[in-house]
Structures are given as C-alpha cells and as structure tokens.
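Hi everyone, thanks for making time this morning.

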Amino acid sequence: MTQIYSSRRSENAWSLALRRLWRDPVGRFSLGVVMCYLVLVGMVLAGWLGARWNDPVAVNYAPPTWCASVANRVTLPAGEAWDRSSVIPLYGWTDPLEPLWSEARAAAQRIQPEPVSYRLTLLFGADKWGRDVGQKVLKGTQTSVWVGLVAAFVATFIGTVLGALAGYYGRWVDDLLNGFYGVLTSIPYLLLVFAVAAVFQQKGVGTLILILGLTGWTGVFRLVRAEYLKHRTREYVLAAGALGASHGRRVWVHILPNVSHVILVQFSQNLVGFIKSEVILSFLGFGVPVSSVSWGSMLNEAQNELILGKWWQLGVTTVAMAIFVTALSLLTDALRDALDPRLNS
Amino acid sequence: MNPLPLLEVRDLEVAFHQAGEIPLTAVRGVDFTVPPCATVALVGESGSGKSVTALSILRLLPESHARLHERSRILWEGRNLLEFSPQAMRTLRRRSMGMIFQDPLGALNPVFTIGMQLGESVRRAEGMGSARQVRRRTLELLAQVGIANPAARLSAYPHQLSGGQQQRVMIAMAISTHPQLLIADEPTTALDVTVQRQIMTLLRELQRELSMAILFITHDLALVGEIADEVVVMRQGRVVEQGRCSEVLVAPRHDYTRALLTCRPTLGNLPARLPMIDDQGNLMPARDSSSPRTPDPLSVALEVEGVSKSFVVQGSGWRRSRFQALEPLGFALQTGRTLGVVGESGSGKSTLARMVAGILAPDTGRIHFPGAGVPGRSGRATQVQMVFQNPFASLNPRFTIAQLLTEPLMLQGLGSHADERLALAVRWLERVGLNERALNRYPHEFSGGQRQRIAIARCLTVNPRVLICDESVSALDVSVQAQVLNLLRDLQDELDLSLLFISHDLAVVRFMADEILVLYAGQVVERGKAEDVYARPRHPYTQQLLKAIPQGIPLSSQGEG
C-alpha cells in the first residue's frame, strides 16, 4: 500500500495553537504586552529595577515634572550647629555625663552632615512621604503580578486535581467533592476571603496567595470535572484501559494533555481575577503589609491623596494596572480561540 | 419530457479560503442536471465534494470562506441562482426546496414539541392563520410520512422519538412547503438498516405522490439503486461518471465506479479477499488468498458463560431503575475462527464487546480464556484486544505514533528497553502497511484508514489471541473498508487470531464470519454457522434484517435479475 504523508514537519497540538495565536493580531499584541510585564516583574524580582521604592527622594507630594513649572530641586539646610549656650545651666554641679557628651560632640564634629537634596518634581510625582511613584509602581506591579501568578498556580493545581478525581472516578468521590464545592461556593466570596484571612491572622504576600488560591479553585474544578466526565468514556481512554493502563495513568498521562487547553485558559482567567482581587483586598486592608507595596495598597493611599488634589499616584497605578489586565483578558480570549479544538479543521 | 430541467449545475467550482493558508478547492468543474420529478443520486466517499455541491445549490456555504468560480452557474428553471438577491433566494428555498440531513436530532430544536416545529413551517409555507387549519395540515403531514397516531405525537419532544421517527418528522417539515426539489444529504446513514429500508420506501412513495425531484446524496452505492433514476459519481471534487442508474450500476464504465461496486462485500459474492482502490482511484484486483485455513477444532480461545449486564438509569427525581442491556448469554470462540455479532443500535453488542475486553465488568457469568493462566486484570490485555469504531477517537491525539505503539509494550512489560520496544513497534507498523516515517507523527496527520490500521497495530503489539472488532470498519469509506477487512483476514491467517467481529452491516459480517450471533434487545435471537443463518434465517427478526439490506440493483432491472 502506498503512503501519502504531508511534507510538513510534524507538529503537536501546542505548536499549532501557538502558530494560530501568533496569526491573530490581537493575540500577538496582547502576548507582547503581557510578556513585557513579565520581563519587568523578573527584573524587579532580581533587584535591577524598583529596589529603591521606599527611599524618600522628593518633597512630599512632588508633582509630575511635565505638569509643574518650578525649579526641579531644593536643598534643605543641614542640621543646625551645636550651640553650647543652649545647654541648661547646672548651678555649679558638674554634669556626670560630661565625658560622654564631649566624646559625642567630638564625633559629631567629625561628621559633616551632607545637605540633603530633595527633588521638587519627579517624572511620575511623589507620594506623601516623598517616595517616587515611578519606583513604587514598578515594585507594586511586581508584587501584584507575582501574587496573581502564584495564587493562580495554586488554585489551578487544586482545581485540576480535585476536578480530575471527581470527573474520572464519579460516584462517591464526585458526590463528596461536589458537596464540598457546593458549600464553598454558597458562601459570599468576600466573606469567605475575610474568614480565611482571619484564620491566618497574619498579613503578607504568602497569606494573600493562600487566601486567593484556596478560595479561587472552584471555577477550575467545575470545568475540569466536566471535561473528565466527557473524556473518561472516550474511545482512546477505553483503549488505554484495555491495553492495561492503570487508572492513574489514564487520568494523568492520557486525559490530562487533552484537557490542558481548558486548564490553561482557566489559569489565565484566574490570573486576571486574582490580580483584581489582590487590589480589592489590599484596598480593604487585608492585603500586603505596610512594609511592601502593591497596586492595591497604592490605590488605598491614593484615596486620601485624591481629596487633596494629588491625583498622580492614582493615575499611574490605574494605567499600569489597566494595561496589564486588559492585555491579559485579550490574551485569554485569543488563547481560547487558538486552543479550542472545535475550531481546528 | 419537459425540455427545461428543474436544476442545472454548470461548471461548479468551489474553493475554501482560510487566512494564511492555500485555498482548498473542494469542487472542480461539476456538471449535472436534475429533471423535474426525477431522482438524481450524488455518490462519493468522504472528501468527494458531494455535500459542498448540495450546499452551494442552497447557497448555504459560509460566504466568508467559500468562493464560487465566476464560470460556475446554477440554473433553477433556467435562471441563475447565483445572481438571486438574498431575499429572492430565501423565498426560493422556502417555497421550492426542502432539505433533510443526516442527523435529525441535531436539526430539530430540542426545546420545542414536534407539533410546534412542524406547525411553524406549515404556517410559513401556507401563510394560513387559523390554528385549526394549521393543526389539520400538521396531522395530515405526519400521517403522510407514516407516523402512527399523529395526534398523540404532536406534543412529543424530539428526544422522545426514535431516530426513524425523527427523520420522518424532518421529512414532513421538508415537504410541508410542497417543494419541487428535495435535497436529502445522507438521510439514512445514522439509522439502522431496517429503519433505513422504511425511510427509503417512504421517500420513494412521497416522490410519486408529490411529484417532486430528489437530489439524493450518499456514500452508499448500493442504496442508489433503490431510489435513483440517475447517478453522478464524484471523487475528489470531480465527476468521474454519470448516467442512468440502470446503466451505471449494471455496467460501470469508469474504474472507480466499478471499484466502489465491487470492493464492498455483498451477500451473494464471497471472495477470500476484496478488491481495493489505490490512491489514483484505480481498481486493484483481489489477491488470491494463500492456503485455506485449517484451524484446530479442539482449541477454544474464548469462552463466555452466562454473561449479563444491566445499567442504572436515572429516573425522575431520586428514583433509579435498572436497564437490562444484555440477558445472560454464552458462546465459545475457537482459535483462528471468527464469530460475527449482528444487531442494531441498542441490541447490547457493544456492551458484550466491552465486557469481553475487560472494560466493563459483567453482572453475572464468566469470561474465560482457556489455554492461558488465570486471567487477571492486567493479564487480560495480552489475551484480548479491541479495535474501536472510530479511529479518530480511539487514538490519543496528543501522543505520537511511536508513543501509541510502545505504550502497551511498556505496560505489559514486553521488550526489555525502549529501543527494543520501538523496533517491535516498527515491525507491526510495517505489517499493517505503514513505515517507520510514521513514528514521530501525530494521529491527525493520517487518514481514517491509516489510523484504523495503526489502531490494529497497537492491539497486535501485545500478541493477543482474541481481537474484538466493534464496528471497526463502519466509520470508514468503502474503499478503505476493503483494505482494513483484507488486512484483518491476512492477520488472522498469519497469527491464528480469533476474531469477535461486531457490526450492524450484515454483508460485512457475512464476509468475515464463520459463525453468527444475532442480538436483538439484549437477547440472542439466532445463532449458527454463517452460511446457514444467511441462507435459512429462522427468526423473523433475522429475516427482516436480511431483507432490509440494500441490494444495489436498479429498480428497473430488479424484476429481470
């Protein structure tokens, strides 16, 4: 029998999907934007960018350069010189601490305090403590995206494992997990988040990730379960069983690659959702501690500033967040189109 | 005869354009004519362009992708359809054309009753307002398409009807407009053979009664003889032969038509091997089989004793009831022989296959493989393997051919290391007519027949003694079907395989099987040697089944033959 093969190199489903994504202009553009952000996050994590976000470098509420017409820098006088006459009279007593004082004075004389120079304007302005909003937004982007990414990993992992077990094994496993799912989704989302936050009793990036991950897996669970329900009776799975593949092998080696596109789309949807949730949580004060900064904590500060007419922190944060979330949403849609096997011809 | 034909297709060429890809020409220069009140059959295998031709007549092709060539003309009573405005086209479709499709359940809206859906098309067709008139006409139509007790059926939902009844409702909707042309796209392919016979009879009667033309699209040349006056045989977008049915079917001029007629097994003609069609559409004569097999009659490969199965079905609310899919049955399959299992959908034949393959556990009874040790769950895989119906679904799309073929070896602990397993895989791949270049490819790069051969190779890697074929050739085109059937017989001779061959197609089973088991609603109604059952069927159901097989003989020459 003669064989006809296509002359094309063999491609697996992933590279085909990537090619389809690349062919879609929206997909290509949004992928580019998201990649830029991820590179930025990597550079901040490595300490190359945004490391000095906590340093006061400008006068408080320094406006953005391009909308202020003042000199760019002010030098505050150095600390006042030591004046002996200001010392309280001691009425003949000698100060028992005099040797220590003189030592301290001598030390102080040796160090000439540099006149501190503060900027009057910054490219993106400054906050209440004179910190550079540009630096802050870099660091905040890193925190928010990192929290979203890791939390989405946790949630997708939990949802996939539970969904696969429920969908594949069915019966009491499915009943049990579905019951759990039902109880969890019946609680209002914010209430659930507050409850988990109350249990952890600790603010921090790790806590935030756990809160989002432990409450956000339900959507993944639902969809993965449905996919496994559908796939477990497919002929290729039955064939694997007839060839002697164990249940575990059928669940993780045979079916999982065939539902991975659903999981990937869910992951990116969760990422969008979690980044928004992080903002809401930080805004409500459940988010990152004061020693850190995120989009949410910046927006939280911005609400007070806005009353004073200092809009730049709000503006910069909003733009940074809006671009990323929009690009990610568009990428999710494009991914779904590229991966959907129903569109494959 | 009317000088002006009802429909004339001239030089039809359709290409599909997809962004960033080379345009795909599906139909290249097709010409044919449908005279009024005649039946023209469009016959071809998958990819022949027959459905695209039908859709372009209806102008229902997606306009964003499909482009018709400027030369192409479709004349309806002399006027070019392609120049009609969308409005005029809609009117024409509504007034003069009717359509029925392969899958009636997909074409009916599941949330409306039969009465509502049929009533709506009646109201649109006749433009009548009164509910009583509509109801009377609806009942009349249902009676006309042979639905028993039509008044009771009006309030039924589509899923409450059987496949045959659904197709009858579709036909009723199509003829509600008194069309001049009925386009039937594979209307009986999804139906059982006895139901197919009923629908074919109904279409023939309706055509006479309503004096309409029918454009009948099918892959089954045998069916064409039952209904058509003229036949157009298509292959890869071209017409290879057309003419009067009585001439084409009796004395085909083109090699491809002859191949289509002969590479399908028939009840009367039982060669050892079937002729096949090569890639150019030429007929390759059947090879002579080697030596006739002389199986050892004492050796039994598979023994099934009192096996039965029932399923839990969800009733209303919390109630659950059991449905008996298979009554207790038993049989023995000898080494190197083939047991054919015949039955229509719902007869329990797939349940039986899955129990023997170890996919389902039987409720009662015992499945035993004599000559092997105690067959445990994992040991069973080396005793029995199964080739599934749909080669597009039975191969994991994310695995390469190498992974697909070496996995069973690895699972069964055959072959000491990866290279040895790969070498074994290549040997089987070559045995089924592919070569090692296939190893790093994915299933979607192969045609249906190639995939089914890969599936067979995968089963054989573990050297099973029994091979179950559950409708394994039903989804394949006739020419490919012949390849796979020949391959199965070759392998059986070579390896002394025992086959459990399950199909709804009685002619195919006759070609393959030494013994026959006829299943009806979970019960064995007849069993025996194949030649006896086919020559002298005792049970009325078997008789009915045999009578329903399309004979492929044109109507006009039926009396003479």
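Let me start with a question: which residues in helix 11 of chain A meet helix 12 of chain A? On the helix 11 side they are Trp295(A), Met298(A), Leu299(A), Glu301(A), Ala302(A), Glu305(A) and Leu306(A). Facing them from helix 12 are Gln313(A), Leu314(A), Thr317(A) and Met321(A). Contact here has its cut-off: C-beta atoms, placed from the backbone, within 7 Å. Helices (H or I, at least four residues) and strands (E, at least two) are DSSP runs, numbered from the N terminus.

A word on what you are looking at: this is a predicted model, where local features need pLDDT of at least 70, side-chain atom pairs count only at pLDDT 80 or more, and totals for chains, interfaces and linings use all residues. Residues are numbered from 1 along each chain as its sequence is written, with chains lettered from A and ligands numbered from 1 in the order in which they are written.

Back to our helix pair. Helix 11 covers residues 295–307 and helix 12 covers 312–339, with an angle of about 145° between them and axes 8 Å apart. Those axes are lines fitted to C-alpha atoms over the stretch in contact, and angles run from 0 to 180 degrees between N-to-C directions. The contact residues divide into 7 nonpolar, 2 polar and 2 charged. In that scheme Ala, Val, Leu, Ile, Met, Phe, Trp, Tyr, Cys and Pro are nonpolar, Asp, Glu, Lys and Arg charged, and the others, Gly among them, polar.

Both helices turn up again between the domains. Chain A is assigned domain 1 (13–55 + 132–343) and domain 2 (57–78 + 115–131), with bounds from an automatic or database domain assignment. Here 15 residues of domain 1 touch 13 of domain 2. Helix 4 (133–169), helix 11 and helix 12 each supply at least two residues of the domain 1 side, and helix 4 gives the largest share, 5 residues.

Now to chain B, where 6 strands form an open, mixed sheet in the order 18-19-20-16-21-22. Its edge strands are strand 18 (384–387) and strand 22 (523–529). Strand 21 (residues 515–520) pairs antiparallel with strand 22 over 6 bridges; pairing takes at least two DSSP bridges.

Finally, confidence: chain B has a mean pLDDT (per residue, 0 to 100) of 83, and 91% of its residues reach 70 or more. For the complex, the predictor gives an ipTM of 0.76 and a pTM of 0.77.

Definitions and conventions: pLDDT is the predictor's confidence in each residue, from 0 to 100. Two residues are in contact if their C-beta atoms, placed from the backbone, lie within 7 Å.
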